[in-house]
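Okay, thanks everyone, let me get the structure up on the screen. I'll go through a handful of places in it, one at a time.

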Amino acid sequence: MQRFFPFLQWFSGYSKSWLAKDLMAGLTVGIILIPQGMAYAMIAGLPPVYGLYASLVPVLVYVFLGTSRKLSVGPVAMDSLLVAAGLGALSISGLENYIAMAIFMAFLVGTIQLILGLLRMGFLVNFLSKPVISGFTSAAALIIIFSQLKHLLGISVENSSHFHELVGRILEKVMETNPLDFTIGGLGIVIILLLKKWNPKIPGILLVVVLGILAVFALQLEPYGVHIVGRIPKGLPNFQMPQINLNNLMDLWPIALTLALVGYTETISIGKSLEGKSGRETMNANQELVALGSSNIVASFFQSYPIAASFSRSAINQESGAKTNLASMFSVVLVVIVLLFLTPIFYYLPNAVLASIIMVSVFGLINVSYPKELWTYRRDEFMVLMVTFLITLFIGIPQGILIGVLFSLVLMVYKSSKPHFAVLGRIKESDYYRNIDRFSNEIEVRDELLIVRFDAQLYFGNKDYFKKQLFKHIEAKGQGLKAVILNAEPINYIDSTATQMLVRIIDELHQKNIQFYMARATGPTRDIIFSSALIDVLGKEFLFARTTEAVDHFDHIRIPTELEERVAYQNLTKRN
């Protein structure tokens with residue numbers, strides 16, 4: 001039962017001393033969640049109340065199925081932007097139809113995550129490398145910030161997921177800026193940043209919301225063109241079936257798959273980061289997929305759009321002393337109270353305040369130090385980051401992450417096709433064999449012996465490179481070469497194509513009276529050698545556990561005679 005319902009693991013041993021800490025953490029996160037949820041719903045192109053709906057049922061489902069005890073799930077900026085980008089590409093008429101498609105998106109994302117979790121395919125997230133994630137999130141953060149400028153300036157601008165289009169449309173309307181909206185939003189940004197720097201424990205977001213509502217109400221700013229949230233429906237979301245639109249399914253599944261993987265990546269990376277700080281590991285990758293998938297599916301029946309883990313709220317949750325997922329339940333209680341009794345208060349909330357909250361929240365996603373580090377030490381990975389960043393920024397969000405993943409995979413394949421190839425020599429007065437290029441002054445090199453190391457698995461993609469490098473060094477040795485020793489320790493796999501290549505190489509070397517040895521092969525590699533034709537042409541007596549043993553064997557046998565006998569025997573066998 002604990003495997004299917006992870007909450008039983010902490011619930012069975014719950015201590016009364018934890019209750020106060022969970023209560024305080026839950027209320028603190030709830031205070032931030034309410035304005036953040038409303039703001040993130042605006043990013044998705046939805047009415048603010050749907051951010052509150054996304055803060056209820058999915059959070060409750062995760063409490064029972066999630067394996068992390070510190071994560072705070074709910075609406076997040078990145079997923080909201082992806083929803084807007086995906087639905088913005090469709091021809092959807094009317095706000096009601098748009099809302100229905102956003103809810104259907106939650107159902108579709110949840111279904112993908114649940115299937116991947118049940119099939120134990122959490123490893124797929126490993127294909128989203130850090131350069132891809134960094135480039136994607138930085139570009140997405142810029143798009144989110146510029147998408148909120150229309151609320152900050154109080155102008156009417158059509159949404160777009162392309163950075164250059166947003167900038168162009170804003171520049172066209174910038175002269176129509178409402179000074180009051182701009183002043184309210186600018187002060188909101190300044191107050192949040194100053195409080196975060198001065199005393200992070202003060203809830204700057206809540207303070208800005210309260211001050212914004214009071215300013216509009218007390219000064220009667222609505223008639224002067226200040227854009228406000230307006231009426232928020234009172235009460236909890238009703239249960240209703242999501243409108244499954246099969247006609248748009250083919251258009252939605254790419255963005256839904258992107259949402260499923262990005263949301264899962266966010267959740268895993270945030271959860272692992274928090275576990276590293278707390279020193280207690282409870283997360284299970286596949287169960288997290290099940291938890292997120294179930295949360296999104298169930299939530300879609302209660303008018304929620306896709307959710308994931310929030311870095312800022314999760315950090316606040318941990319810093320506030322949360323011990324278990326019970327803290328999230330207290331956050332839900334606070335959201336319920338707001339929906340039932342306090343929605344009229346938010347009528348006068350300025351859109352510019354919500355824009356300031358969004359802009360400050362996502363600005364931290366723009367990572368400058370990591371690209372600088374890659375530029376200094378890893379130029380190839382810097383290119384992956386920049387390609388992902390630029391394509392996400394100017395071509396499209398799903399295209400950016402897809403091409404980024406493909407580019408990183410191509411780079412990985414390219415590197416594996418030309419891995420490090422080293423010629424080894426014995427360090428003087430020792431049994432250690434090292435790269436002659438790195439230890440040139442301390443290495444003994446013998447003309448009659450070539451010892452090499454191939455630092456990768458041997459497969460069809462790099463077999464020709466291996467052969468080319470090997471024979472280049474064999475030719476460099478000249479006629480005096482009597483034996484080749486392959487240090488196979490880094491080779492953890494040899495596929496059938498590479499096996500046939502090795503067989504032909506060994507045969508060719510034997511024809512030239514050059515013996516071939518293999519040393520330091522690991523268990524899996526030895527299994528491949530003994531289950532293939534390699535062992536027949538190599539011979540068990542030329543397979544050694546240590547390089548020094550292979551060298552000793554070479555020094556104590558009469559190479560020409562033995563090789564002549566082996567070659568004669570092989571030729572006789574072939575004729576028979």
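So, let's begin with Ile244, which touches Phe104 and Phe107 once you set aside residues up to four places away in sequence. Just to be clear, what we're looking at is a predicted model. Ile244 sits in the loop between helix 11 (204–219) and helix 12 (249–278).

Now, on to the core. The largest nonpolar core has 113 residues, and the ones touching the most other members are Met38, Leu46, Leu87, Leu252, Tyr305, Phe346 and Leu349. Which helix gives the most to this core? That's helix 6 (residues 95–118), with 11 residues. There's a second, separate core as well, with 49 residues, including Ala422 and Ile451.

Leaving out neighbours within four places in sequence, Leu252 is in contact with Leu87, Leu90, Met101, Phe104, Met105 and Leu108. You'll remember Phe104 as one of the residues Ile244 touches.

Next, a helix pair. Helix 2 (residues 16–43) packs against helix 16 (residues 351–363) at an angle of about 90°, and their axes are 9 Å apart. Angles of 65 to 115 degrees count as roughly perpendicular, so that's what we call helix 2 and helix 16. On the helix 2 side, the contact is made by Pro35, Gln36, Met38, Ala39, Tyr40, Met42 and Ile43. Helix 16 brings Asn351, Leu354, Ile357, Ile358 and Ser361. How do the residues of that contact divide? Nine are nonpolar, three are polar and none is charged.

Ser80 is in helix 5 (residues 77–88), and beyond its neighbours within four places in sequence, it's in contact with Tyr40, Ile43, Ala44 and Tyr305. With 0% relative accessibility, Ser80 counts as buried. What does the Ser80 side chain make a polar contact with? The side chain of Tyr305, at 3.0 Å. And Tyr305, remember, was on that list of residues in the largest nonpolar core.

Another serine: Ser68, in the loop between helix 4 (57–65) and strand 1 (73–74). Ser68 is buried, at 2% relative accessible area. A polar atom of the Ser68 side chain lies 3.4 Å from the backbone nitrogen of Lys70, and the backbone nitrogen of Leu71 also lies 3.4 Å from a polar atom of that side chain. Not counting residues up to four places away in sequence, Ser68 touches Tyr62, Thr282, Met283, Glu288 and Asn325.

Last stop, backbone angles. Most residues other than glycine have a negative phi. Glu429 has a positive phi of about 60°, and Asn513 also has a positive phi of about 60°. Where are they? Glu429 is in the loop between strand 3 (421–427) and strand 4 (433–435), while Asn513 is in the loop between helix 21 (496–511) and strand 8 (515–519). Glu429 counts as exposed, at 81% relative accessibility, whereas Asn513 is partly exposed, at 32%.

Okay, that's my tour, over to you.

Terms used
Residues are numbered from 1 along each chain as its sequence is written. This is a predicted model: local features need pLDDT of at least 70, side-chain atom pairs count only at pLDDT 80 or more; totals for chains, interfaces and linings use all residues. Side-chain values use heavy atoms; hydrogens and water are left out. Axes are lines fitted to C-alpha atoms, for helices over the stretch in contact, and angles run from 0 to 180 degrees between N-to-C directions. Helices (H or I, at least four residues) and strands (E, at least two) are DSSP runs, numbered from the N terminus. Angles under 35 degrees count as roughly parallel, over 145 as roughly antiparallel, 65 to 115 as roughly perpendicular and the rest as oblique. Contact means heavy atoms within 4.5 Å. Ala, Val, Leu, Ile, Met, Phe, Trp, Tyr, Cys and Pro count as nonpolar, Asp, Glu, Lys and Arg as charged, and the others, Gly among them, as polar. Buried means under 20% relative accessible area, exposed over 50%, partly exposed in between (1.4 Å probe, protein chains only). A polar contact is a pair of N or O atoms within 3.5 Å; within protein, one must be able to donate a hydrogen and the other to accept it, and residues adjacent in sequence count only if both atoms are side-chain atoms. A nonpolar core is a set of buried Ala, Val, Leu, Ile, Met, Phe, Trp, Tyr and Cys residues joined through side-chain atoms within 4.5 Å.
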